[in-house]
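Here's a quick briefing on charge pairs and helix packing. Have a look at the model first, then read on.

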Amino acid sequence: MTLQELRESLGYTIEELAEFLRVSRMAVYMWEEGKATPNARNLKKLSVFFNKSMDEMLNIVQETQQKQRRD
C-alpha cells in the first residue's frame, strides 16, 4: 500500500493531512509521488495520524517510492 492509497482509503485529503502535520500540501504531494521522504519527525507524525507503528509507516513510505520507480 502506498501513502496515497492509505490516505485515500481513510477518506482524508492532502490538505487535511498537511494541516495535521503542519507541513505544506506540496510536501505531502512529494511524499506521495515518491519524490521526497518525510524526515523522522514527520514519519512519527504520520504514524500517529494513521495509527501505524513506525516500522509500518516506514514500509509504506518505501513501498510508495518503489512503486513510483516502477511506474
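Let's start with a pair of side chains: E32 and R7 are both buried. Keep in mind that this is a predicted model. The two side chains meet in a salt bridge, at 2.5 Å from N to O. E32 belongs to helix α3 (residues 25-32) and R7 to helix α1 (residues 3-9), so this pair ties together parts that sit 25 residues apart in sequence.

**Salt bridges around R7**

- Side chains of opposite charge can pair when their charged atoms come close.
- R7 has a salt bridge to E8 as well, with an N to O distance of 3.8 Å.
- How buried or exposed are these two? R7 counts as buried because its relative accessible area is 6%, under the 20% cut-off.
- E8 comes out as partly exposed, at 45% relative accessibility, because that value falls between the 20% and 50% cut-offs.

**The E15 and R25 pair, and the overall tally**

- E15 and R25 also meet through their side chains in a salt bridge, this one at 3.9 Å from N to O.
- This pair links distant parts of the chain, with E15 in helix α2 (residues 14-21) and R25 in helix α3, 10 residues apart.
- E15 is partly exposed, with 43% relative accessibility.
- R25, at 52% relative accessibility, counts as exposed because the value is over 50%.
- As for shared partners, salt bridges join R7, E8 and E32 into one network.
- Searching the whole structure turns up four salt bridges, and the ones described here are among them.

**How α2 packs on α4**

- Two packed helices are described by the angle between their axes and the distance between the axes.
- Here α2 packs with helix α4 (residues 40-50) at an angle of about 120°, and their axes are 10 Å apart.
- That angle is why α2 and α4 count as oblique to each other: roughly perpendicular runs from 65 to 115 degrees, and roughly antiparallel needs over 145.
- The crossing of α2 past α4 is right-handed.
- Which residues make the contact? From α2 they are L17, F20 and L21, while α4 brings in N42, K45, L46, V48, F49 and F50.
- Sorted by class, the contact of α2 with α4 has seven nonpolar residues, one polar and one charged.

Methods:
Residues are numbered from 1 along each chain as its sequence is written. This is a predicted model: local features need pLDDT of at least 70, side-chain atom pairs count only at pLDDT 80 or more; totals for chains, interfaces and linings use all residues. Side-chain values use heavy atoms; hydrogens and water are left out. Buried means under 20% relative accessible area, exposed over 50%, partly exposed in between (1.4 Å probe, protein chains only). Helices (H or I, at least four residues) and strands (E, at least two) are DSSP runs, numbered from the N terminus. Axes are lines fitted to C-alpha atoms, for helices over the stretch in contact, and angles run from 0 to 180 degrees between N-to-C directions. Angles under 35 degrees count as roughly parallel, over 145 as roughly antiparallel, 65 to 115 as roughly perpendicular and the rest as oblique. A crossing is left-handed if the near helix is turned anticlockwise from the far one by less than a right angle, and right-handed if clockwise. Contact means heavy atoms within 4.5 Å. Ala, Val, Leu, Ile, Met, Phe, Trp, Tyr, Cys and Pro count as nonpolar, Asp, Glu, Lys and Arg as charged, and the others, Gly among them, as polar.
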